[in-house]
Amino acid sequence: MLIGNFKERYEADEAIFRTTRSRVWLGIAVALIVAFPFVGNSYHLYMAGLIGINIIAATGINILTGYTGLISLGHAAFMGVGAYTVAWLSNNVGLPFYICLPLGGLVAAAVGVVVGIPSLRIKGLYLAIATLAAQFILGFVFNEWEPVTGGGRGTSLAAAEIGGIVLDTEFELYWLIVVVMVLALLFARNLFRTRVGRAFIAVRDRDISAEVMGINLLRTKLTAFALSSFYAGLAGGLMAYFFKVVSPEQYTFSVSIFMLAAVVVGGMGTILGGILGAIFMTLIPEILGEITQIFGAGAVAMLSSAREVVFGLLIVGFLVFEPRGLAQIWKRIKRVYEIWPFRT
Amino acid sequence: MDFFLEVSLVGLAIGGVYALVAVGYVLVYRTTHVINFAHGNMMMFGAYFYFTFAELLGLHWTISIVLTVIAAAGLGAGIERVALRPLLGRPAISIVMVTVGIASILHGAAQLIWTAGDFFLPPIFPDLPIVIDEMYIPANTGYGFLVALGAIGGFLLLFRFTRSGVAMRATASDQIAATTMGINVPAMFSLTWVYASITAALAGVVVGSITTLNPSMGLIGLSVLAVVILGGMDSVIGAVAAGLIVGWIEALTGFYIGGAFKDVVPFVVLLAILIVRPHGLFGTPEIERL
């Protein structure tokens with residue numbers, strides 16, 4: 001039972017992982033992440049890589065939607081911008097991946113700022129529609145700007161390479177994704193302990209009060225858009241290296257909804273929520289696949305439709321019954337064991 | 001020049017259908033302040049209802065239309081009751097996300113029930129193209145336009161002269177005042193969704209007759225958002241005017257620039273309107289008071 005949380009210094013109180021218990025959990029998580037690639041087969045590693053990429057993207061959309069309160073229905077398009085930038089840079093300029101990835105993020109951030117400009121005049125539902133328009137316009141560009149994007153067939157790129165090691169198996173890509181993911185999560189977690197991050201939350205809770213307290217709305221909203229699309233661009237760039245091909249079908253409206261759904265299901269406005277949501281939503285189709293296999297080959301053909309129905313039901317169900325998502329469920333479970341043998 | 005007129009006429013005719021779809025959005029937004037991202041998919045469901053009754057069950061088209069309207073009304077009422085009623089008073093993002101979730105459910109369900117293939121609706125309209133002064137308008141588009149205008153007119157009359165229509169307008173303008181006058185506001189929300197669902201179903205039948213019927217028909221609903229925003233979220237007249245404008249621009253782009261650009265035009269219009277005049281041509285600007 002956790003009785004008290006006694007601290008002597010401010011640093012101890014400001015730490016991210018404040019209790020021994022949470023540090024132990026962190027240690028276990030790190031050990032699992034490090035040990036995983038040596039235990040799992042290539043399919044497991046493939047799924048882990050996908051989850052890692054989705055965690056980065058979901059954290060990005062969480063910064064924008066969960067923390068700043070600006071709804072984005074066009075996040076897949078930002079991911080696409082990152083992916084196409086990485087592919088183009090690596091094919092035409094021949095830059096190594098550790099330069100391509102941040103550049104992809106930066107280009108996505110720039111596009112994100114442009115899309116975010118209407119957020120100065122409009123908010124809420126209207127902004128959601130503006131980002132939706134951006135999604136379709138960018139999707140159109142991906143399809144039609146053939147010299148750069150390769151049109152509907154898409155474009156392929158060479159595997160990432162560092163110091164003579166070619167990152168082309170799931171095992172090697174796993175490490176790349178894990179490193180980027182950990183950096184991205186640490187940055188996001190720390191962001192909300194700074195002035196900029198707290199300004200995001202203030203804008204979400206009441207933009208007019210935030211402005212009265214001296215927060216520049218223009219700058220804050222655009223920063224949120226830029227950061228969030230940087231994350232999306234990073235995730236898109238990783239996806240480009242992961243699949244070694246970039247095509248418009250990877251970045252459609254339904255992917256945007258998938259990402260938003262991950263954040264809603266996981267829990268908006270918490271870092272843990274983005275992580276849990278991304279893991280859950282990435283695994284759901286796989287679990288569904290396993291279930292449909294029981295029913296035979298006919299059911300497998302219906303998989304993609306069933307997936308859509310399940311996604312929709314999850315979104316509606318979580319919003320109606322558990323609006324704060326999996327993160328809240330986790331918190332409740334934690335409370336049960338923390339004060340055991342007492343009951344809540 | 002003749003081509004210009006002909007293309008314009010076809011564009012305006014399609015714009016009339018857009019207007020009917022847009023009216024569904026406006027109805028829901030006016031009363032409940034929700035932008036219903038599932039509207040396009042409700043439209044698609046309406047078309048499938050008609051397909052089921054007229055083609056699969058082989059009923060006469062009049063009976064099929066009546067049954068479609070009833071089924072669509074049930075769908076609208078069900079969605080409102082199950083998914084939206086529990087969220088009354090929640091922030092906008094939750095409600096938007098719920099409608100997005102419903103859209104996903106409907107899209108997947110349509111594929112499960114009716115498969116993802118293309119179907120043709122049994123013809124309702126006479127198969128003779130309308131010829132005005134040597135200009136040629138495809139029959140389905142032309143008659144679809146007339147049906148759309150008729151339906152919009154019918155709904156306008158309904159709002160002006162029936163008791164429930166007046167109650168609904170009262171709810172739209174002031175919920176608290178409406179409640180104190182004895183109007184059952186939650187029931188009005190349900191009724192709004194029912195009406196919106198019926199307009200969606202009628203629009204679905206028209207759109208399904210003009211093009212083919214498949215589960216991605218709902219995407220038209222998203223491009224019609226351009227119409228809604230251009231006209232103003234809360235104006236039925238605006239929806240009609242904007243529907244005609246967007247249909248016309250789209251047809252001209254498709255004819256003069258190229259087919260691929262046609263699909264992206266509504267979204268460009270949308271973005272431009274949102275930046276320049278967010279409340280649209282006929283909408284009321286949102287004023288925030290503290």
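In chain A, the C-alpha centres of domain 1 and domain 2 are 26 Å apart. The structure is a predicted model. The domain assignment of chain A places residues 1–39 in domain 1 and residues 40–338 in domain 2. Where the two domains of chain A meet, 7 residues of domain 1 are in contact with 8 residues of domain 2. On the domain 1 side of this contact in chain A, the residues are 7 nonpolar, with no polar and no charged ones.

Helix α1 of chain B covers residues 2–32, and helix α5 of chain B covers residues 139–161. Their axes come within 8 Å and cross at roughly 35°. The crossing of α1(B) and α5(B) is left-handed.

Which residues in α1(B) and α5(B) meet? From α1(B) come Val10(B), Ala13(B), Ile14(B), Gly16(B), Val17(B), Ala19(B), Leu20(B) and Val23(B). They meet Thr141(B), Gly142(B), Gly144(B), Phe145(B), Ala148(B), Leu149(B), Ala151(B), Ile152(B) and Phe155(B) in α5(B). Sorted by class, the contact of α1(B) with α5(B) consists of 13 nonpolar and 4 polar residues, and no charged residues.

The confidence scores remain. Chain B has an average pLDDT of 86, and 98% of its residues score at least 70. For the model, ipTM is 0.85 and pTM is 0.88.

Terms used. Residues numbered from 1 in each chain as written. Chains lettered and ligands numbered in written order. Predicted model: local features only at pLDDT ≥ 70, side-chain atom pairs only at ≥ 80, totals over all residues. Axes fitted to C-alpha atoms, helices over the stretch in contact; angles between N-to-C directions. Helix = DSSP H or I, 4+ residues; strand = E, 2+ residues; numbered from the N terminus. Left-handed = near helix turned anticlockwise from the far one by under 90°. Nonpolar A, V, L, I, M, F, W, Y, C, P; charged D, E, K, R; others polar. pLDDT = per-residue confidence, 0-100. Domains from an automatic or database assignment.
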